[in-house]
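Please examine the sequence and the model shown here.

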Amino acid sequence: MLEVRGLTAHLRSRGRGPVLHAVDLELPAGACVGVAGLSGSGKTTLARCVAGLHERHRGRVLLDGAELPVLRKRTREQKRRVQYVWQEVRGSFDERHAVGEQVARTAVRLRGLAPDEARAEALRLLERLGLDGATAARLPGGLSGGELQRAALARAAVALPDVLVCDEITTALDPAATAAVLAELARLREEHGTALLWVSHDLELLAAVADHVVVVDDGRVVETGAPDEVLRAPGPR
């Protein structure tokens with residue numbers, strides 16, 4: 001479904017070398033590939049390159065064999081097919097509009113649903129994630145960080161993406177909210193064949209959800225394999 005080939009990325013600051021070095025990665029349809037590594041290892045830069053948000057890179061990001069441009073050049077269908085949820089989401093919501101309205105707007109804009117149909121679908125999805133109608137009717141400032149994180153997941157999931165990039169999305173969640181998130185992502189994989197690229201420093205979580213794990217260190221892939229092999233019995237560096 002998704003391929004990353006020879007991806008090398010730079011930051012804007014001068015004098016620094018690449019933050020990613022010739023990274024290769026494959027994400028089959030319906031699979032979950034975990035990306036593990038310490039802070040500063042390049043995990044989020046990789047996620048942002050796949051999402052089209054990091055433009056200073058060389059190499060190729062392919063969806064079904066077709067090259068994906070940066071986000072501002074992607075078609076509406078390409079944007080629908082690849083969605084990204086990151087950890088700090090508050091700035092991505094418009095403080096003037098209710099959260100539920102913003103989730104529904106994604107289904108209108110990217111899937112062409114009628115507004116009433118989109119709203120009903122958005123509210124059902126938010127409910128599954130533990131956010132009731134009263135919460136969905138609030139402005140973003142009226143939600144906690146964990147509630148807004150789940151709303152951001154709903155906003156991406158309502159697009160019915162083929163690839164969903166999850167970047168540390170459970171860090172601010174309690175166990176019950178995390179369980180709701182995992183259940184929704186499992187439903188997306190089963191019902192829609194959505195593939196997950198899951199970026200996390202939580203090795204226990206990756207061991208539970210990932211089919212395959214890629215370990216990044218200093219911008220390089222240093223190990224790859226099944227979760228049991230990589231996370232519980234890491235090989236020599």
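## Terms and basis

Helices (H or I, at least four residues) and strands (E, at least two) are DSSP runs, numbered from the N terminus. The model is predicted, so local features need pLDDT of at least 70, side-chain atom pairs count only at pLDDT 80 or more, and totals for chains, interfaces and linings use all residues. Residues are numbered from 1 along each chain as its sequence is written, and side-chain values use heavy atoms, leaving out hydrogens and water.

## The sheet

Strands of a sheet pair through backbone hydrogen bonds, either parallel or antiparallel. Two strands count as paired if DSSP finds at least two bridges between them. Here, six strands form an open sheet in the order E6-E7-E8-E3-E9-E10, with mixed pairing. Strand E6 (82-85) and E10 are the edge strands, each pairing on one side only. From one strand to the next, the twist averages 20°; axes are lines fitted to C-alpha atoms, for helices over the stretch in contact, and angles run from 0 to 180 degrees between N-to-C directions.

## Two strand pairs

Strand E3 (residues 32-36) pairs in the parallel sense with strand E8 (residues 195-199) over four bridges. Cys-32 has Leu-196 in E8 as its bridge partner.

Strands E9 (residues 212-217) and E10 (residues 220-225) run antiparallel and are joined by five bridges. Val-216 stands opposite Val-221 in E10. The hairpin of E9 and E10 has two residues between the strands, and Asp-218 takes a positive phi near 55° there.

## Helices across the sheet

Contact means heavy atoms within 4.5 Å. Helix H1 (residues 43-51) lies across E3, E6, strand E7 (163-167) and E8, at about 145° to E6. Helix H6 (residues 145-157) lies across E6 and E7 and runs at about 180° to E6.
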